[in-house]
Amino acid sequence: MATIDLIMPKMGESIMEATILKWHKAPGDTIEMDESLLDIATDKVDSEVPSTTAGTVDALLFSVNDVVPVGAVIARIRTGAANGGAQGSEKVAAGGVQHSAPSTYQLPVQPTADRPTSQQAPEGQNPPTAHEPAAAGSGARFYSPLVLNIAGQEGVSMSELENMRGTGNEGRVTKRDILQFVSDKKAGKESTSGMTISNTPSTVPAPASNQLQTTADNQVAASSYTGNVEIIEMDRMRRLIADHMVRSKHTSPHVTSFTEADVTNLVMWREKTKTGFEKREGTKITFTPLFIEAIVRCIKKFPLINSSLEGNNIIVKKDINIGMATALPSGNLIVPVIKNADGLNLVGLAKKVNSLADAARTNKLKPDDIADGTFTLTNVGTFGSLMGTPIINQPQVAILAVGAIKKRPVVIETPHGDSIAIRHMMYLSMSYDHRVVDGSLGATFLTAVGRELENFDLNRDY
């Protein structure tokens, strides 16, 4: 018999870990290929993870609510095959063999029956416990790629990491821990992570994990409230969104520019064609694909807007993948992504926008549907707001918000002089990462989008 390692899949750029919500199988249960093994959640979407092989579940290496890094072995399955060729790559790291993450949403398989690894117990010894992913970093503790990335950006030394008190599973340092550490360090006060902030690395040995508190909830002091109040605990998705927003503010220096556009031609064209468009194409024409079309044209003129920052390198993305913030029935937001939006005409954009919005509202989005966005559009006007100051969707460098379209008296220029007319006006705002996008580029790009919308051809076809 061969034993196959199932690995936590990679679910898109910037997603470094996932939370296990539910196991559908227990050790000893049989499982078919492509049958769902577990449910996982990231800060973007919930998803099922299928088995890539048929056999018997040998071991589940993590528990429900554990946060697991991408690339870690999460389960083992015994198959009837005598041998199995290794199908996943691996790299040697401190602490043993570390499996590299797959580049797409799939579970690579790694037979272990006929080759020893650090995760395979020698004969006569107990099998590994459920929490033995390869260590990342120079010490014995495990650090997720996200924690290491934040540490690198904020100048947190490995010595400081080793002495940091973690509130995660078995004392693991979480995103909240390191962000709190950085905040305390900048404020020059004693860290809540259990060590005193200093300008020199600490040499105190790292405390044993069993001496650490295991959950952040245990550290939250009880509060008393006066008056008539209702206490509502955040659901899991709201907590993840909150963490994502705080991390974005910690990462990017936000600047927001504003402009307004006369979208009268666009409104009149849509009103004139929406009935025929739906009959001919089988889908509704909303304002969103029209906005995306204008954004794509301007990104081609100003490609630096379509980038991300890694260390000191600006990564300009050649693919134009537009995320669109979508409200869920619960009130939470999710950002499905239209891949290669520059390759779609208006009909293609309309169909893609509607299908992704429907999938979001019915909780049928797949991990690939929310991955690899390069620029985000959010429509705050849907809820009646005139304008907003959106928060950047990391690791992107800009996000554009469109406000409500309102009729207003406006001074317009004509060959016969100025006049006042009733026009459909809309405010646009864009927040951008000032490390990459200067005010001149941000304002120029935003103005260009406004001009594209103003110059909409009232006589165009679909």
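Which loop does Pro 395 lie in? I found Pro 395 in the loop between β19 and β20 (398-402). The model I am reading is a predicted one.

**Entry 1: backbone**

I looked up the peptide bond from Gln 394 to Pro 395, and it is cis, with omega near 5 degrees. I then went to Asp 34, where phi is near 70 degrees, a positive value in a residue other than glycine. Asp 34 is also in a loop, the one between β3 (30-31) and β4 (36-41). I noted both because most residues other than glycine have a negative phi, and most peptide bonds are trans.

**Entry 2: α6 against α8**

For helix packing I wrote down two values per pair, since two packed helices are described by the angle between their axes and the distance between the axes. I began with helix α6 (residues 287-301) and helix α8 (residues 439-454), whose axes come within 9 Å and cross at roughly 135 degrees. That angle makes α6 oblique to α8. I recorded the crossing of α6 and α8 as right-handed. On the α6 side I listed Leu 290, Phe 291, Ala 294, Ile 295, Arg 297, Cys 298, Ile 299 and Lys 301. They meet Phe 445, Ala 448, Val 449, Glu 452 and Leu 453 in α8. Sorted by class, the contact of α6 with α8 has ten nonpolar, no polar and three charged residues.

**Entry 3: α6 against α7**

I turned next to α6 and α7, with axes that come within 9 Å and cross at roughly 125 degrees. α6 and α7 are therefore oblique to each other. The crossing in which α6 passes α7 is right-handed. From α6 the contact takes Thr 288, Pro 289, Leu 290, Ile 292 and Glu 293, and from α7 it takes Leu 346, Leu 349, Ala 350 and Val 353. I sorted the residues of the contact of α6 with α7 into seven nonpolar, one polar and one charged. Leu 290 is in my list for the contact with α8 and in my list for the contact with α7.

**Entry 4: α5 against α7**

At what angle do helix α5 and α7 pack? I read an angle of about 75 degrees for helix α5 (residues 264-281) and α7, with their axes 13 Å apart. That makes α5 roughly perpendicular to α7. Trp 269, Phe 277 and Glu 281 in α5 meet Leu 346, Val 347, Ala 350 and Lys 351 in α7. The contact of α5 with α7 divides into five nonpolar, no polar and two charged residues.

**Entry 5: a pocket**

I looked up the second largest pocket, which has a volume of about 1,000 Å³. It is lined by 45 residues, and those nearest its centre are Met 324, Ala 325, Thr 326, Leu 333 and Ile 334. Which elements each supply at least two residues of this lining? I noted α4 (236-251), β16 (326-327), β17 (333-334), α7 (346-361) and β19 (375-379).

Key. Residues numbered from 1 in each chain as written. Predicted model: local features only at pLDDT ≥ 70, side-chain atom pairs only at ≥ 80, totals over all residues. Heavy atoms only, no water. Axes fitted to C-alpha atoms, helices over the stretch in contact; angles between N-to-C directions. Helix = DSSP H or I, 4+ residues; strand = E, 2+ residues; numbered from the N terminus. Parallel < 35°, antiparallel > 145°, perpendicular 65-115°, else oblique. Left-handed = near helix turned anticlockwise from the far one by under 90°. Contact = heavy atoms within 4.5 Å. Nonpolar A, V, L, I, M, F, W, Y, C, P; charged D, E, K, R; others polar. 1 Å grid on protein atoms, 1.4 Å probe; cavity = no way out; pocket = protein on both sides within 12 Å on 5 of 7 lines; lining within 4 Å. Points joined across faces, edges and corners; volume = space filled by probe spheres on them.
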